[in-house]
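Okay, thanks everyone, let's get going.

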Amino acid sequence: MEKRKCVFAGSFDPPTTGHEKVVLNCLKIFDEVVVAVMINPDKSPCFSEKERVSLLKTLFSGEKRVKIRSFCGAAVDLLEEENTPFYVRGIRNTIDFEYENANFFANKKLKSDIVTVYLPAEQPDLHISSSLVKNSIKFKKDYTEYIPGKIREELNKILESKNV
């Protein structure tokens, strides 16, 4: 039987409890989950590619079915490289759905066999986003409930090294 593999890609700037839950739900459906930090040369993330990859590797350490990597390019090219049609997207609200659905139609034209899987957030997590975490850090507000416990220490060390 062929293993089912999916790709879950995003900026993960930084990874949140919402991201963690998407991956854990993917593991209920797929044999392998490729979590890809997408690099957009036109954006200036708060955390470097190396820091985001490291945080994700720490978060999913011990989970042999999760592969962490980074990628610069189109998601359809990443799917081709990973040899899977399954592209997972986390959805929090109708705004996310509209955005992801527009991307779905564009991606479908580029890769006709793409299978996009939308995983909705649980109601208590609808407000969690990397932007919320970054704003909480910026304004020196507590953000710990939005960051998985396994990466809080590492994230704090990164922030200390940046004098944040």
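Quick housekeeping before that. This is a predicted model, so local features need pLDDT of at least 70 and side-chain atom pairs count only at pLDDT 80 or more, while totals for chains, interfaces and linings use all residues. Residues are numbered from 1 along each chain as its sequence is written, and side-chain values use heavy atoms, with hydrogens and water left out.

So, the fold. We've got six helices and five strands; those are DSSP runs, with helices being H or I of at least four residues and strands being E of at least two, numbered from the N terminus. Going along the sequence, the pattern reads β-α-β-α-β-α-β-α-β-α-α.

Of the 164 residues, 45% are buried. Buried here is under 20% relative accessible area, exposed is over 50%, and partly exposed is in between, using a 1.4 Å probe and protein chains only. On contacts, meaning heavy atoms within 4.5 Å: take those with a separation of 6 or more, and 74% of them are between residues 24 or more positions apart.

Now helix H6, residues 149-161. Which residues are buried there? They're Ile151, Glu154, Leu155, Ile158 and Leu159. Look down the axis of H6 and these buried residues fall within an arc of 145°, so they line one face of the helix. The arc is taken from the directions running from the helix axis to the C-beta atoms. Over on the other side of H6, Glu153, Lys157 and Glu160 are exposed. The cover over the buried residues of H6 includes helix H2 (49-59) and helix H5 (130-138). And just after H6, Asn163 takes a positive phi of about 55°.

Asp13 and Pro14 are joined by a cis peptide bond, with omega at about 0°. Phe12 lies in that loop between S1 and H1 too. The phi of Phe12 is near 50°, a positive value in a residue other than glycine. Is Phe12 buried or exposed? Phe12 is buried, at a relative accessible area of 2%.

Thr16 is also placed in the loop between S1 and H1, and Thr16 is buried, with a relative accessible area of 2%. What does Thr16 contact, leaving aside neighbours within four places in sequence? The list is Ile128, Ser129, Ser130, Val133, Tyr146 and Pro148.

Last stop is Lys140, in the loop between H5 and H6. The phi of Lys140 is near 55°, again a positive value in a residue other than glycine. Lys140 counts as exposed, at 66% relative accessibility.

That's my tour, over to you for questions.
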